[in-house]
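Please keep the sequence and the structure in view while reading.

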Amino acid sequence: MKRFIAVFLIILHSFVISHSALGIEREYVLGPYDMLEVEIINHPELKTKQTVTPDGQASLPLLGVVSVEGKTLKGLHDFLTTNYAAYIEKPQLTINLTPKPIYVIQYDLRKDTWEVKKATSIDEAKALTGIEPTLAIEHGNVYKVSMGKKADWLEDNWYKVITATAVMAGIYSTLK
């Protein structure tokens, strides 16, 4: 029985790890450069739009500077509801999040050029990178991908070589 429970726990643990690696059922965690818009219902004077600072803090009306880094949206909602309750009776608030962008740097081998693209969603970043859906892409990260293939002079100009050869053969046969 102990072995069965141990095997069951190992299988359950590997299942949880594999799903978290895929990004399934994982909440967004706030970090630097996320844009938060906090609004307290029936209190328009307290509406604010803040960017999370590099040290993970945001300045909110009545509360001052609070640490938001590492919190989920639900965790932040609960935190703010509890803290605003000291000033407002039964505060109801909404939090809108604009996550930090994902940058995709594409290197075109054929043209030998670099292009930086800003993706606003994980799906858009996956489309730009061509990364398999099983790999995790996270907001705020930079991904470098190479696209195309190195230019091959003969492959790009094969028709010119054949045309030049035919012209040379025509000139040679005309002169003989």
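**Surroundings of Lys-100**

Leaving aside residues up to four places away in sequence, Lys-100 touches Tyr-28, Gly-31, Pro-32, Tyr-33, Asp-34, His-139 and Gly-140, where contact means heavy atoms within 4.5 Å. The model is predicted, so local features need pLDDT of at least 70 and side-chain atom pairs count only at pLDDT 80 or more, while totals for chains, interfaces and linings use all residues. Residues are numbered from 1 along each chain as its sequence is written, and side-chain values use heavy atoms, with hydrogens and water left out.

- Lys-100 lies in the loop between β5 (93–98) and β6 (102–108).
- Lys-100 counts as buried at 13% relative accessibility (buried is under 20% relative accessible area, exposed over 50%, partly exposed in between, with a 1.4 Å probe and protein chains only).

**Aromatic rings**

- The structure holds two aromatic pairs (rings of Phe, Tyr and Trp, the last by its six-membered ring, with centres within 6.5 Å; planes under 30 degrees apart are stacked, over 60 edge-to-face, the rest tilted).
- The pair of Tyr-107 and Trp-114 is tilted, because the planes stand at 35°, with ring centres 4.5 Å apart.
- Tyr-107 is buried, with a relative accessible area of 15%, whereas Trp-114 is exposed at 52%.
- Trp-158 and Tyr-159 form an edge-to-face pair, 6.0 Å centre to centre with 90° between the planes.
- Tyr-159 is partly exposed, at 41% relative accessibility.

**A charge over a ring**

- The charged end of Lys-71 sits over the ring of Phe-79, 4.6 Å from its centre (NZ of Lys or CZ of Arg within 6 Å of the ring centre and within 35 degrees of the ring normal).

Note on methods. Helix = DSSP H or I, 4+ residues; strand = E, 2+ residues; numbered from the N terminus.
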